[in-house]
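Please look over the fold in this report strand by strand. Keep the sequence at hand while reading.

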Amino acid sequence: MKARFEGVIVSFESMDERRVQVYGSVEGEPAEFTLVVSEDKFNELLRLGIGQRVEGEAVKVSDSPLVLRLD
């Protein structure tokens with residue numbers, strides 16, 4: 001299921017998957033969530049840094065914890 005999100009990057013995690021922690025909203029509801037992104041997108045966001053605003057549509061992978069995957 002696709003979900004609309006927006007928020008501000010608060011941290012980065014690069015283990016098996018490239019993960020970005022975001023504080024903002026999902027479908028208009030306040031949320032803190034993990035955004036899983038491609039390596040290219042991760043590098044772009046890392047270059048822009050913490051505090052960068054992000055928004056878009058992503059697939060909801062999990063509700064608890066809230067994880068979205070940007071394809």
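## Overall fold

This is a predicted model.

## Hairpins and strand pairs

Start with S1, which covers residues 2-14. S1 runs antiparallel to S2, and 9 bridges join the two. S1 and S2 form a hairpin, with 3 residues between them.

S2 then pairs with S3. These strands are antiparallel and are joined by 9 bridges. Here Val20 has Leu35 in S3 as its bridge partner. S2 and S3 also form a hairpin, with 2 residues between them. Glu27 sits in that turn and has a positive phi of about 55°.

S1 has a further partner in S4. The two run antiparallel, with 7 bridges between them. In this pair, Phe5 stands opposite Gly56 in S4.

## The nonpolar core

Which residues touch the most other members of the largest nonpolar core? They are Phe5, Val20, Val26, Phe33, Leu35 and Leu68, out of 16 residues in that core. At least two core residues come from each of S1, S2, S3, helix H1 (39-48), strand S4 (53-63) and strand S5 (66-69). The largest share, 4 residues, comes from S3. In soluble globular proteins, nonpolar side chains tend to be buried together.

Leu68 shows how such a residue is surrounded. Leaving aside neighbours within four places in sequence, Leu68 is in contact with Ala3, Phe5, Val26, Phe33, Thr34, Leu35, Val36, Ala58, Val59, Lys60 and Val61. Among these contacts, Phe5, Val26, Phe33 and Leu35 are also listed with Leu68 as touching the most other core members.

## Thr34 in strand S3

Thr34 lies in S3, which spans residues 29-37. Is Thr34 buried or exposed? It counts as buried because its relative accessibility is 9%, under the 20% cut-off.

The side chain of Thr34 makes a polar contact of 2.7 Å with that of Gln21. Beyond four places in sequence, Thr34 is in contact with Arg19, Val20, Gln21, Leu66, Val67 and Leu68.

Tyr23 is placed in S2, residues 18-26. Where its neighbours within four places are left out, Tyr23 is in contact with Gly7, Val8, Val10, Ala31 and Glu32. Lys2 is 21 residues from Tyr23 along the chain, and their C-alpha atoms are separated by 18 Å.

Ser25 also has its place in S2. Its relative accessible area is 13%, so Ser25 is buried. Not counting residues up to four places away in sequence, Ser25 touches Arg4, Phe5, Glu6, Pro30, Ala31 and Phe33. Two of these, Phe5 and Phe33, are among the core residues that touch the most other members.

Terms used
Residues are numbered from 1 along each chain as its sequence is written. This is a predicted model: local features need pLDDT of at least 70, side-chain atom pairs count only at pLDDT 80 or more; totals for chains, interfaces and linings use all residues. Side-chain values use heavy atoms; hydrogens and water are left out. Buried means under 20% relative accessible area, exposed over 50%, partly exposed in between (1.4 Å probe, protein chains only). A polar contact is a pair of N or O atoms within 3.5 Å; within protein, one must be able to donate a hydrogen and the other to accept it, and residues adjacent in sequence count only if both atoms are side-chain atoms. Contact means heavy atoms within 4.5 Å. Two strands pair if DSSP finds at least two bridges between them. A nonpolar core is a set of buried Ala, Val, Leu, Ile, Met, Phe, Trp, Tyr and Cys residues joined through side-chain atoms within 4.5 Å.
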